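Colleague: I am new to reading protein models. Could you take me through one, feature by feature?

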Amino acid sequence: MNLYLRLLMTWLRARSKPAIQMGDSIALRLRVWPNDLDVNGHMNNGRYMTIVDLALIEYFTRAGFLPVALQRGWRPMLGGSVISFRRGLRPFKGYTLHFAMQCWDERWNYFRFEFRLGEQIMASGYTKGAVVGRDGIVSSAETRGAMGMALNSPTVPAPIAAWIEADRLLRA
């Protein structure tokens, strides 16, 4: 299925689903299409992250963030991801992508994702994103204030703390 069509369908479906709060978990039921495949006949490793982008669209739509962002000229942007592949997703298989915001700092929002086939985890990881405005990255305090959300983040899970440190070391 064409990615722009998939994006539009995700956004339209999200608008009819129940609202969520930032921090809630969502689950998207999806299918592996032929254009998702690599030469080994399973979902391409890069496609997983494209599908995570779809989860972000649904998440931000259902949480009410997209109208706030559009009104202020903000754009959500990913800043990095870490993923572990366990098993390949085969053509036409239906799977579920579980997705939730875990925590945040002064500029980044950290999300956990899991691609599941039934109860079996096929791939899992974390992604981080920020909100970008005309003058650069918008602080978490400003975005949360615009949404009327609490400013204090939940405790940073150990895997995210380790990823933050690894990212710091890569930049050093």
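Modeller: About 80 Å³ of space lies in the largest cavity. The model is predicted, so local features need pLDDT of at least 70 and side-chain atom pairs pLDDT 80 or more, while totals for chains, interfaces and linings use all residues. Residues are numbered from 1 along each chain as its sequence is written, and side-chain values use heavy atoms, with hydrogens and water left out.

Colleague: How do I read a cavity, and which residues line the largest one here?

Modeller: Rolling a probe the size of a water molecule over the atoms shows where empty space is left. On a 1 Å grid over the protein atoms alone, a cavity is a set of points where a 1.4 Å probe fits but cannot get out; lining residues have an atom within 4 Å of a point. Points are joined across faces, edges and corners, and a volume is the space filled by probe spheres set on them. This structure holds one cavity of 30 Å³ or more. The lining of the largest cavity is M22, F60, F65, M101, N109, V131, T143, R144, M147 and M149. Helix 4 (residues 140–147) gives the most, with three residues. Helices (H or I, at least four residues) and strands (E, at least two) are DSSP runs, numbered from the N terminus.

Colleague: What about a pocket, and how much space lies in the largest one?

Modeller: A pocket is an open set of points with protein on both sides within 12 Å along at least five of seven lines. The largest pocket has about 290 Å³ of space. Of its 17 lining residues, L7, D53, L54, L56 and I57 are the closest to its centre. Helix 2 gives the most to this lining, with six residues. The pocket lining holds 13 nonpolar residues, three polar and one charged.

**Buried residues**

Colleague: Is W74 buried or exposed?

Modeller: Buried means under 20% relative accessible area, exposed over 50%, partly exposed in between (1.4 Å probe, protein chains only). W74 counts as buried because its relative accessibility is 7%. W74 sits in the loop between helix 3 (65–72) and strand 2. Contact means heavy atoms within 4.5 Å. Leaving out residues up to four places away in sequence, W74 touches residues including F65, V131 and T143.

**Strands**

Colleague: How do I read the two faces of strand 1?

Modeller: In a regular strand the side chains alternate between the two faces of the sheet. Strand 1 (residues 25–31) has I26, L28 and L30 on its covered face, and S25, A27, R29 and R31 on the uncovered one.

Colleague: Which strand pairs with strand 2 over ten bridges?

Modeller: Two strands pair if DSSP finds at least two bridges between them. Strand 5 is the partner of strand 2, in the antiparallel sense. R75 has V132 in strand 5 as its bridge partner. Strand 4 also runs antiparallel to strand 5, joined by nine bridges. Strands 4 and 5 form a hairpin with two residues between them, and G118 in the turn has a positive phi of about 65°.

Colleague: Why is strand 5 called largely enclosed?

Modeller: Because twelve of its 14 residues are buried, strand 5 is largely enclosed by the rest of the structure.

How values were computed. Ala, Val, Leu, Ile, Met, Phe, Trp, Tyr, Cys and Pro count as nonpolar, Asp, Glu, Lys and Arg as charged, and the others, Gly among them, as polar.
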